[in-house]
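Work through the exercises below with the model open beside you. Try each task before you read its solution.

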Amino acid sequence: MRRPEQLTETERKCCDELCERTALAVTTQYARRLAVMMRGRRCEYLALDVWLADVRLGGQ
């Protein structure tokens, strides 16, 4: 998954439309949050624990 700011306008629109129509919207948000943590090397246990709890509670 490329960073959202690196998508073309067409790719961004397609992704937005797909996410609006499916359960992918929540999964996409989780993946983006995880990617930001990993890229920023902000994988402190607390941040990762919060992310994992959100995923578990989200029921996805």
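**Exercises on a helical chain**

The chain holds 3 helices and 0 strands. Helices (H or I, at least four residues) and strands (E, at least two) are DSSP runs, numbered from the N terminus. This is a predicted model, in which local features need pLDDT of at least 70 and side-chain atom pairs count only at pLDDT 80 or more, while totals for chains, interfaces and linings use all residues. Residues are numbered from 1 along each chain as its sequence is written, and side-chain values use heavy atoms, with hydrogens and water left out.

**Exercise 1. Describe the overall build of the chain.**

Step 1. Read along the sequence: the pattern is α-α-α.
Step 2. Take the box along the principal axes. The C-alpha atoms fill roughly 35 × 25 × 10 Å.
Step 3. Check burial. Buried means under 20% relative accessible area, exposed over 50%, partly exposed in between (1.4 Å probe, protein chains only). Of the 60 residues in the chain, 10% are buried.
Step 4. Check contacts, meaning heavy atoms within 4.5 Å. Among those between residues at least 6 apart in sequence, 39% join residues at least 24 apart.

**Exercise 2. Find the salt bridges and place each one.**

Step 1. Apply the rule: a side-chain nitrogen of Lys or Arg within 4 Å of a carboxyl oxygen of Asp or Glu. The count is 2 salt bridges.
Step 2. Take Glu 9 and Arg 12. Their side chains pair at 3.8 Å, N to O. Both sit in helix α1 (residues 9–21), 3 residues apart, so about one helical turn separates them. Glu 9 is partly exposed at 47%. Arg 12 is partly exposed at 30%.
Step 3. Take Asp 54 and Arg 33. This salt bridge spans 2.8 Å, N to O. Asp 54 lies in helix α3 (residues 45–58) and Arg 33 in helix α2 (residues 24–39), so the pair ties together parts 21 residues apart in sequence. Asp 54 is partly exposed, with 29% relative accessible area. Arg 33 is also partly exposed, with 34%.

**Exercise 3. Count the disulfides and explain the result.**

Step 1. Apply the cut-off, a pair of cysteine sulfur atoms within 2.5 Å. The count is 0 disulfides.
Step 2. Check Cys 14. The closest cysteine sulfur, in Cys 15, is 7.4 Å away, which is too far for a bond.
Step 3. Note the partner's setting. Cys 15 is partly exposed at 22%.

**Exercise 4. How do α1 and α2 cross, and which residues make the contact?**

Step 1. Get the geometry. Axes are lines fitted to C-alpha atoms, for helices over the stretch in contact, and angles run from 0 to 180 degrees between N-to-C directions. The axes of α1 and α2 come within 6 Å and cross at roughly 125°.
Step 2. Classify the angle. Under 35 degrees is roughly parallel, over 145 roughly antiparallel, 65 to 115 roughly perpendicular and the rest oblique. Therefore α1 is oblique to α2.
Step 3. List the residues. Cys 15, Leu 18 and Cys 19 of α1 touch Leu 24, Ala 25, Thr 28 and Arg 32 of α2.
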